[in-house]
Amino acid sequence: MNVWIPFLSILQKDMRAYYLKPPNISWGIIFPVAWTLMFFIRSGGDVEIRELLPGVMALSVLFGTTSMLAVTITFEKRSRAFERLILAPISLPVLLAAKTSGAIVFGIINSAVPLLFGVWFVDLSAANWSMVIAAVVLIAATSTFLGLMIAVSVREVFEAQTFSNFFRFPMVFLCGLFFPVHHLPLFLQPLSYALPLTYGNDLLREALWGGGQLHPLLSLAALTAFSVLLFYISLRNARRRWII
Amino acid sequence: MPVIEVEELEKSFGDVRAVDGIDFSVQEGEIFGFLGPNGAGKTTTINVLTGLARKTAGSVRVLGHFYPRDLRRAQEGIGVVPDGSNLYPELSGKENLTFCGSLYGIRKEERERRAAELLDQFGLSGVAGRRFATYSKGMKRKLTIAAALIHRPRVLFLDEPTSGIDVASARQIRRILERLNCNGTTVFLTTHYIEEAERLCHRVAFIVDGRIVRVDSLNLLLEEVGDDCSLQFAVGGDAASAREVLSEVFPSHKASATGDGQLLLRGERLDDIIPAVCALHDAGVTVQEVRLLRPSLEDVFVRVTGIEAEEMTAHRGGGS
């Protein structure tokens, strides 16, 4: 069987049924715009906007992807529509990849909103765009797989939301989005480096204006490793919890 | 040729053993009924056979593929209709069918053609563009069955297919299942409606408390209760005196008055008791209605399991 047919069909269905629905588009646009405006107004200067842009982009991706994926999968499980996917002759890794691809695309679109605002105010002519794309894709992948891990672990939609926030809000403060990691208390710094968004944010800073603290290859490797690890944990848990 | 082979299948949830070492096989082209009260293990068995649940022990082989090793290969050839709807409420009827087709690798033109064919077959062409969430219960059930048929499965699993739907939809579903079976599709059906199993199935397994208590062809099961038959009379006037007439004329047969002006006369053969109509007439009893009651699968079920038909839905409560 050609697995690309179900893969693309699941992706297309999810994009149409969930991600491109007007309320979700507004979530994907309003949330990043609100964040972006909040920090633009607060900063008011070119340098600060440039410094804040990577964090706002990373945050838009994180919130968009984790919310959507955790909720849509939990919703489909509750309505039993997810059973239809389990009954199909598709391997679980392909099924999970298909379900997450929509959220990854949604996350990438989300990241474009603050970026478009950014190019109005900041000179990004020196940006390394291939590194920007790599960073956005990897942040979207890790955030989505984090959402997947949450979706696999919960039964109810409200649990998915609560569990998502348990991971997301600490990341806002611990991943160097608004102040550098080395400004954090010493005992919190190891925790920062255990979170994927720290590497995503640092890679974006490096790509957009050369302001990263870590070597880009280290960040790329860490984000890839987080993606693989989170996908693997989700897959293992899905095997245990979805096929009882 | 068996398309489903199950040996010593066990499925436990913690300390609860929902399926307790069952053995059976289903031949290609059969309609096989899995009959038992709620909570007997029917749904758990179907979940294991379709890949929604993992067996605890035993052997399962579907379409020649062993589980869990070749589950995906088997899933290519099976269709599943669960006890509830498992389609997408936000998609239209047609979109649901074409989406389900894509899950089996069917190309766009072919799945659109097949979806149109199924919508027509199930009488849903007029509502093909409507969101599934707006369908009536009977329409939802029909579309769920249609979705399970989109890839032309060799084996169709149905879990309580007519449960809770209107009579007309249930009749249509039964007709469609018969037609499918005539075209070679093997049907594995779980139900707690004994009459439905009797009407549709070639072979039946009775399952109670996770164990199969009997598997046989419908004919052999019905032979077990013999040719016993009864005549039920609705009479004008005094039913008690009419019963005395029958007891005098047919001393070796049991005649009883049911209290609502009805009489029942049991015999081993129809020929023996059919003269009762004339006997009542000769005795001046007005016979308003006569019904012949044949032994049914329900009688066999009661005899084999000790569970009365009324207890079927109450037994243990809930699905299994």
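How many positive and how many negative side chains does chain A have, and how far apart do the centres of the two sets lie? In this predicted model, chain A carries 17 positive and 11 negative side chains, with 15 Å between the centres of the two sets.

The fold of chain A may be considered next. Along the principal axes, its C-alpha atoms fill a box of roughly 55 × 40 × 35 Å. Of the 244 residues in chain A, 57% are buried. When contacts between residues at least 6 apart in sequence are examined in this chain, 78% of them join residues at least 24 apart. Chain A exposes about 10,400 Å², and 71% of that area is supplied by carbon and sulfur atoms.

The interior comes next. In soluble globular proteins, nonpolar side chains tend to be buried together. Here the largest nonpolar core has 113 residues, and those with the most contacts inside it are A:Trp242, B:Ile4, B:Phe24 and B:Phe188. Helix α6 of chain A, residues 129-153, provides the largest share of this core, with 15 residues. Another core, of 47 residues, lies apart from it and includes B:Ile31, B:Phe122, B:Ile150 and B:Ala170.

Leaving aside neighbours within four places in sequence, B:Phe24 is in contact with B:Ile4, B:Glu5, B:Val6, B:Phe32, B:Phe34, B:Thr45, B:Leu49, B:Phe188 and B:Ile212. Two of these partners, B:Thr45 and B:Leu49, are also among the buried residues of helix α1 of chain B. This helix spans residues 42-50 and is mostly covered, eight of its nine residues being buried. Others in the buried set include B:Lys42, B:Ile46 and B:Val48. Just after the helix, B:Gly51 adopts a positive phi of about 100°.

Not counting residues up to four places away in sequence, B:Ser296 touches B:Glu198 and B:Leu222. B:Ser296 and B:Cys229 are separated by 67 residues in sequence, and their C-alpha atoms are 9.9 Å apart in space.

Terms used:
Residues are numbered from 1 along each chain as its sequence is written. Chains are lettered from A and ligands numbered from 1 in the order in which they are written. This is a predicted model: local features need pLDDT of at least 70, side-chain atom pairs count only at pLDDT 80 or more; totals for chains, interfaces and linings use all residues. Side-chain values use heavy atoms; hydrogens and water are left out. A nonpolar core is a set of buried Ala, Val, Leu, Ile, Met, Phe, Trp, Tyr and Cys residues joined through side-chain atoms within 4.5 Å. Buried means under 20% relative accessible area, exposed over 50%, partly exposed in between (1.4 Å probe, protein chains only). Helices (H or I, at least four residues) and strands (E, at least two) are DSSP runs, numbered from the N terminus. Contact means heavy atoms within 4.5 Å. Accessible areas come from the Shrake-Rupley method with a 1.4 Å probe; for residues, only the protein chains shown count as cover. Lys and Arg count as positive and Asp and Glu as negative; His and the chain ends are not counted. The place of a charge is taken as NZ of Lys, CZ of Arg, CG of Asp or CD of Glu.
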